[in-house]
Amino acid sequence: MTLDAVDRQIILATQAGLPLVPQPYRFVARQVGISVEELMRRMEAIRESGVIRRIGAVPNHYKLGYKFNGMTVWDVNDDMIDELGAQVGRLDFVSHCYHRPRHLPDWPYNLFAMVHSKSKEGVQEKIAVIEQVLGKHCRGQTVLYSSRILKKTGLRIGG
């Protein structure tokens with residue numbers, strides 16, 4: 001997809017996040033100088049092309065009081081990882097879940113699932129639920145707690 005000047009303006013206007021106003025798309029359309037309908041059509045075309053991968057909320061868990069953010073990592077049978085990963089990803093307390101390659105012999109884990117809680121005990125309770133989902137297909141796990149936010153933005157283009 002080739003971005004024209006208006007597409008580029010849309011990306012520049014939204015790449016730091018949608019404005020926190022009652023009608024954010026109307027605000028952006030006005031800022032870019034197009035109708036809301038044209039903005040939505042262009043944003044959908046940009047998304048379908050893959051230039052924008054997704055539009056979603058990126059909460060700051062620390063500011064919401066979730067001080068215990070644990071990346072749980074699991075050693076799961078490779079032949080079951082797609083099915084089990086989908087089940088873990090559907091748990092309402094898992095913010096993101098994905099499959100990563102093992103790096104043996106030091107790193108046997110291939111399934112990652114991020115959980116958040118206001119207490120360490122809360123994280124442990126969520127780990128227990130994931131353990132139940134994985135059952136006999138899990139050979140081991142650990143949790144890596146975050147200590148600070150390193151990055152909360154995607155790629156940005158310059159204006």
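How many helices and strands does the protein have? The protein has five helices and four strands. Please keep in mind as you read that this is a predicted model.

## Overall layout

If you walk along the sequence, the elements follow the pattern α-α-α-β-α-β-β-α-β. The C-alpha atoms fill a box of roughly 55 × 35 × 25 Å, taken along the principal axes. The radius of gyration is 20 Å, whereas a compact globule of 159 residues would have one near 15 Å.

Of the 159 residues, 32% count as buried. Among contacts with a separation of 6 or more, 65% come from residues 24 or more positions apart.

## Helix 1 meets helix 2

Let's turn to a pair of helices. Two packed helices are described by the angle between their axes and by the distance between those axes. Here the partners are helix 1, covering residues 5-14, and helix 2, covering residues 24-32. Their axes come within 10 Å and cross at roughly 130°. That angle makes helix 1 oblique to helix 2, since values from 65 to 115 degrees count as roughly perpendicular and those over 145 as roughly antiparallel. The crossing of helix 1 with helix 2 is right-handed.

Which residues make the contact? Helix 1 brings Val 6, Gln 9, Ile 10, Ala 13 and Thr 14, and helix 2 answers with Val 28, Gln 31 and Val 32. Sorted by class, this contact has five nonpolar residues, three polar ones and no charged ones.

## Asp 75 in strand 1

Asp 75 is part of strand 1, which spans residues 68-76. Is this residue buried or exposed? Asp 75 has a relative accessibility of 10%, so it counts as buried, the cut-off being under 20%.

Leaving out residues up to four places away in sequence, Asp 75 touches Arg 102, Pro 108, Tyr 109, Asn 110, His 137, Cys 138, Arg 139 and Gly 140.

## Gly 122 in helix 5

Our last stop is Gly 122, found in helix 5, which runs over residues 120-134. Gly 122 counts as buried because its relative accessibility is 9%, and the cut-off for buried is under 20%.

Where does Gly 122 sit relative to Phe 68? The two residues are 54 residues apart along the chain, and their C-alpha atoms are separated by 8.4 Å. Phe 68 falls within the span of strand 1, residues 68-76, while Gly 122 belongs to helix 5.

Terms used. Residues are numbered from 1 along each chain as its sequence is written. This is a predicted model: local features need pLDDT of at least 70, side-chain atom pairs count only at pLDDT 80 or more; totals for chains, interfaces and linings use all residues. Side-chain values use heavy atoms; hydrogens and water are left out. Axes are lines fitted to C-alpha atoms, for helices over the stretch in contact, and angles run from 0 to 180 degrees between N-to-C directions. Helices (H or I, at least four residues) and strands (E, at least two) are DSSP runs, numbered from the N terminus. Angles under 35 degrees count as roughly parallel, over 145 as roughly antiparallel, 65 to 115 as roughly perpendicular and the rest as oblique. A crossing is left-handed if the near helix is turned anticlockwise from the far one by less than a right angle, and right-handed if clockwise. Contact means heavy atoms within 4.5 Å. Ala, Val, Leu, Ile, Met, Phe, Trp, Tyr, Cys and Pro count as nonpolar, Asp, Glu, Lys and Arg as charged, and the others, Gly among them, as polar. Buried means under 20% relative accessible area, exposed over 50%, partly exposed in between (1.4 Å probe, protein chains only). The radius of gyration is taken over C-alpha atoms; the globule rule is 2.2 Å times the number of residues to the power 0.38.
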